[in-house]
Amino acid sequence: MDRPGVNRVRRALISASTAAALLGCTATGSAAAQTDLPPAIRAIMDAPRYSGAVWGLRAIDLSSGATTTSYGTDALFFTGSVRKLFSVGLALNALGIDHRFETPVYRVGEVAPDGTLHGDLVLVASGDLTLGGRTTADGKVAFTNFDHTEANSLGSAILTKPDPLAGLDLLAGQVAASGIKAVAGDVVVDDRLFDQFRVPNGNVLITPIIVNDNLIDVTILPTEAGRPANVDWRPKTAAFAVTSEVRTVAAGEPLDISLETSPGDPGRGIVKGQIPVGYKPALPGVPSLVRTFPIPDPSAFARTALIEALGRAGVPVKAAATGPNPSAKLPPDNAYRRTAQVARLTSPPYSEYARLILKVSHNLGANLSLVLFGLTKGARTIGTALAAERTALVAEYGLRPDGFDFPTNGSGSPDSRARPTAVTDLLAAMRRTKGAGVYFDAFPVLGVDGSLATVGVDPPNPVIAPAIGRVFAKTGTTVAGDTLKAQVFAGYLKSRAGKLLAYVVYVNNVTPISSIADVIEVFGDEGEISAILYDLN
């Protein structure tokens with residue numbers, strides 16, 4: 001995640017550096033050379049809050065390759081979600097900015113004259129991150145500045161408008177249009193694209209089939225004191241039901257909400273606690289309380305949702321809608337016949353996915369991107385994908401082998417580390433690729449959108465104000481106990497003098513952190529450092 005959260009936080013770094021071999025020029029001074037820090041930046045770093053912290057900073061002029069600012073560049077820093085710049089950048093180039101995911105449905109069996117399929121329908125998962133559930137009328141991928149994937153850590157979210165089940169409804173409609181009027185067999189999800197895995201904290205399961213980011217969105221609204229709260233959820237399927245035990249209490253009483261999965265039924269979520277009259281989340285522009293349940297078995301959930309979509313399309317399925325995904329019924333990988341394809345969902349281009357992942361710091365999407373990159377190199381597991389990524393970063397992007405350490409995942413926390421030079425080398429190398437423009441446009445913009453939407457704006461900050469709309473940076477934050485393990489900005493900035501810089505600013509090990517307000521202050525300090533770099537270059 002990329003904004004201060006309730007239980008954990010991740011923010012990013014702004015980085016800049018040039019891979020001399022790729023840019024065809026030589027940076028001024030050695031890679032580890034340090035420049036004198038501008039006094040205004042030094043004053044921020046020397047504040048009492050940072051007495052035990054470690055800072056790193058690098059900025060380079062991408063047109064000349066000259067290092068304009070460099071500090072602490074020999075150290076490996078924890079990156080937080082700035083790690084996503086690597087996984088998304090490599091996937092963008094390996095897949096191509098125009099790559100579209102094709103999710104087909106095949107019939108395994110023959111269709112009788114009355115339209116009955118005597119056999120099964122198989123949806124073959126392609127690793128499509130949204131499966132039509134975020135697609136807007138103009139073919140874009142919808143996102144909000146407070147995405148539902150971080151609702152539990154941020155405290156709430158703003159839900160996107162598209163129907164999370166829209167893609168499955170489109171597939172079901174195509175099945176009906178193919179002439180199938182009933183399915184005498186079963187519906188199966190082929191989820192064999194890669195070996196699924198969990199990120200280190202266990203909270204996010206990375207799977208080839210994804211519906212609504214594998215989440216159930218729960219919206220909780222107060223009513224009158226003493227009465228039950230209004231609780232609604234989406235998407236609604238027989239695979240997961242929500243029960244509410246939330247009551248409304250008087251205004252001024254504390255919010256106390258918990259979400260629990262029933263111990264005896266993983267398909268039932270229970271919302272408990274209280275919400276005060278008139279409650280509004282503290283996040284700017286967020287109108288109501290939103291929390292999420294993880295979908296425990298994404299393949300089984302998608303199967304149920306597709307069976308129900310087929311029912312809405314007038315194609316009843318004989319098999320029970322709920323229950324495990326019957327993967328034993330899958331044919332061999334190479335057994336699908338093109339003539340047996342009865343539906344196909346085509347995604348927006350991967351460039352839209354890159355924008356979603358970097359703007360809102362989408363953890364599932366970053367890890368999925370790493371695995372999709374791995375598949376282009378013949379890697380089907382997280383371990384082999386990480387190895388393929390390391391090889392590519394060194395051999396194709398010119399990064400030094402000792403400049404980064406990404407041991408477990410593609411989204412960052414808790415253990416990804418990189419030197420400032422590695423981050424800026426990547427940013428410089430990405431400017432030499434066909435996907436450079438798409439990559440640049442995917443970054444959050446200071447004071448405008450994504451994880452930087454409120455920085456310098458809410459509350460207004462006169463130091464940051466001149467750089468609003470001129471800084472394009474991924475943020476990364478990791479909190480461990482009472483320590484801000486990582487707070488980072490990394491990306492590009494268009495300076496006051498018209499130069500395009502790549503930069504990164506790290507701070508690690510800020511302690512003690514007693515509240516989210518402390519994290520927000522550190523975040524604001526890195527915003528000020530970014531604005532100072534904008535002003536001085």
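**Note on the buried interior and aromatic pairs**

1. Glutamate 526 is buried, with a relative accessible area of 0%; buried denotes under 20% relative accessible area with a 1.4 Å probe, protein chains only. This residue, glutamate 526, belongs to helix α12 (residues 516-536), helices being DSSP runs of H or I with at least four residues and strands runs of E with at least two, numbered from the N terminus. A polar atom of the glutamate 526 side chain lies 3.3 Å from the backbone nitrogen of valine 488.

2. The model is predicted: local features need pLDDT of at least 70, side-chain atom pairs count only at pLDDT 80 or more, and totals for chains, interfaces and linings use all residues. Residues are numbered from 1 along each chain, and side-chain values use heavy atoms, without hydrogens and water.

3. The structure holds 13 aromatic pairs, counted for rings of Phe, Tyr and Trp (its six-membered ring) with centres within 6.5 Å; planes under 30 degrees apart are stacked, over 60 edge-to-face and the rest tilted. The rings of phenylalanine 240 and phenylalanine 293 have centres 5.4 Å apart and planes at 50°, so this pair is tilted. Phenylalanine 240 lies in the loop between β11 (230-234) and β12 (241-249), and phenylalanine 293 in strand β15 (residues 289-294), 53 residues apart. Both phenylalanine 240 and phenylalanine 293 are buried.

4. For phenylalanine 489 and phenylalanine 523, the ring centres are 4.8 Å apart and the planes at 65°, so the pair is edge-to-face. Here strand β20 carries phenylalanine 489 and helix α12 carries phenylalanine 523, 34 residues apart. Phenylalanine 489 and phenylalanine 523 are both buried.

How values were computed: Buried < 20%, exposed > 50% of the residue type's maximum accessible area, 1.4 Å probe, protein only. Polar contact = N/O pair within 3.5 Å; in protein donor to acceptor, adjacent residues only side chain to side chain.
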